[in-house]
Amino acid sequence: MSGTKRIAARTLVRTPRFTTSSFLIGAFAIAVGCVTLAMIGSVIGATYQYLAYGGVGILAIQSAFAGIAIGALYAVPFLARHAYTIPGYLRGAHRPSQIFLAWNIAFVALLVIAFLTQTTVTVSRVTAVIFYGAGLLAMIGLQGMMRRAIISGLKSGRLPPRRIMLVGHTGSTNGVSKRLSLAVSEDERLGVRVVAVASLPAKGDPGGLAEDLDLAVAQARALLPDEVVIAASWNDDVTIEAAVRAFEQLPVAIHIDTGPVLARFSDLNLRRVGNISTVSVAELPLSPGAVITKRLFDVTGATIGLIIASPVLVVAAALVKLDSPGPVFFRQERRGFNQETFSIIKFRTMMAAPAAEAFAQAQGFNQAKPGDVRITRVGRWLRRTSIDELPQLINVLLGDMSLVGPRPHAVDHDRDFEHRIRRYPRRLNMKPGITGWAQVNGLRGLTDTDDKMKHRVEADLYYIDNWSILFDVYILLLTVLSPKTFNNAG
């Protein structure tokens, strides 16, 4: 074998630095998670045994093994989605909602295993609850620290970025290179570096295509990119097929650039519709089964909520009536699922018409603002505590709303923003909610700029794309417990 061939052979079996670093980071994250949970379990078990029996014994060891077991179970769904990688952390695959879901699945699985193996007799319900809460907080904290550490490592150069090679016609590669450069400049956390650009001849020159691809492959052998992006027109099947075949002999990931039209869509998936291959840019918000499940959850939750909140509703209604003249409830047409309008019910928090209209005309008011003079004394308190929203439990029972979902806006408000924010109408693909992912993240109140509304829309669309019953439960808990929920209220 010649010297050149020996170098090429060694190059082919060498693992790229980015792939190695990504694997090591994933293994480290899983190991740290298991060790942390083992320590938490050991401390809780030892403390319980000391307080209950006056000594530290086998329970601490058993709890440590339980921590390792739940750590391994917790990691399984993230491993299946390739979330324990640098790209996984950068794309936010370890969001609190996903950690909450995976943690609950792992916790229930561990309880089932313990029940089947008859080891639950030594488990205290108090310690199990404490371990559940402490472990969940530990996982959220650990994954957050891992993501920040990866971003810091990429920015400082301590971690290698993904090495990208662009291959295509000169105009195409320049376009892709500009889009990648713009994306990297806008978000340094992408961890992407273009290491080479290989130009191919114009369409219709098969002889020149083969020669240029041979040179591009030789360049890739020397530079070891992690991924190759083929930039060519989708109707140029000759170039695409030849380029894919040429680079399949190298240990690289191969991508075909979607072009500027599809680049605006963040989530693309290949699908088969009958015998037709398609690129899916949006999924059905809820399956028929999910619609039934969410509706049952809403009816049950709204019924229980009305029963529990009935004393508060009675007191609030009396205070509204005593505070200022006018009706107890405020009704307004809002847009709901599939852009159908419905009448939302709230406690009245502002002066009744025509007094409110006179103030609005005099002061130029439209949407309520902090310190708005139209808001009554009781109304200000109702808004600050969000008690004014409780009558919407009736909207939930009527089927107009859900407990959790994108907040409904006034019809004129919707018509205004749907022409200014591209994906705004998609938030109405699910029933509006009394609370939502945007609200528990503090994105509520006055939306006097497009930027404020864009952030709210992004949160709403994230909720639609990641809906689950556990996600709904998580949002309802945050609605009550998180201080962010009450940001900008009033």
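Where is the place of Ile68? I found Ile68 in helix α3, residues 58-80; helices here are DSSP runs of H or I with at least four residues, strands are runs of E with at least two, and both are numbered from the N terminus.

A note on ground rules: this is a predicted model, in which local features need pLDDT of at least 70 and side-chain atom pairs count only at pLDDT 80 or more, while totals for chains, interfaces and linings use all residues. Residues are numbered from 1 along each chain as its sequence is written, and side-chain values use heavy atoms, with hydrogens and water left out.

**Entry: the surface patch**

I checked the cover of Ile68 next. Ile68 counts as partly exposed because its relative accessibility is 39%, and the partly exposed class sits between buried (under 20% relative accessible area) and exposed (over 50%), with a 1.4 Å probe and protein chains only. Together with Ile58, Ile61 and Phe65, Ile68 forms a nonpolar surface patch with about 410 Å² of accessible area. Such areas come from the Shrake-Rupley method with a 1.4 Å probe. Patch members have over 30% relative accessible area and no salt bridge (a Lys or Arg side-chain nitrogen within 4 Å of an Asp or Glu carboxyl oxygen), and nonpolar side chains are joined within 5 Å.

**Entry: the strands**

How many residues of strand β1 are buried? I counted six of the eight in β1 (residues 162-169). Met165 has Ala196 of β2 as its bridge partner, and Val167 stands opposite Ile230 in β3.

**Entry: Gln219**

I then moved to Gln219, in helix α8 (residues 206-223). Gln219 touches Met165, Ala196 and Ala198, leaving aside residues up to four places away in sequence; contact means heavy atoms within 4.5 Å. Gln219 and Ala198 are 21 residues apart in sequence and 8.4 Å apart in space, C-alpha to C-alpha. Gln219 is partly exposed, at a relative accessible area of 30%.

**Entry: the cores**

The largest nonpolar core has 62 residues, and Ile150 and Trp437 are among those with the most contacts inside it. Its largest share, nine residues, comes from helix α6 (residues 125-156). A core is a set of buried Ala, Val, Leu, Ile, Met, Phe, Trp, Tyr and Cys residues joined through side-chain atoms within 4.5 Å. I also noted a second, separate core of 17 residues, including Val217 and Phe247.

Key. Patches are made of residues with over 30% relative accessible area and no salt bridge: like charges are joined within 9 Å, nonpolar side chains (Val, Leu, Ile, Met, Phe, Trp, Tyr) within 5 Å. Two strands pair if DSSP finds at least two bridges between them.
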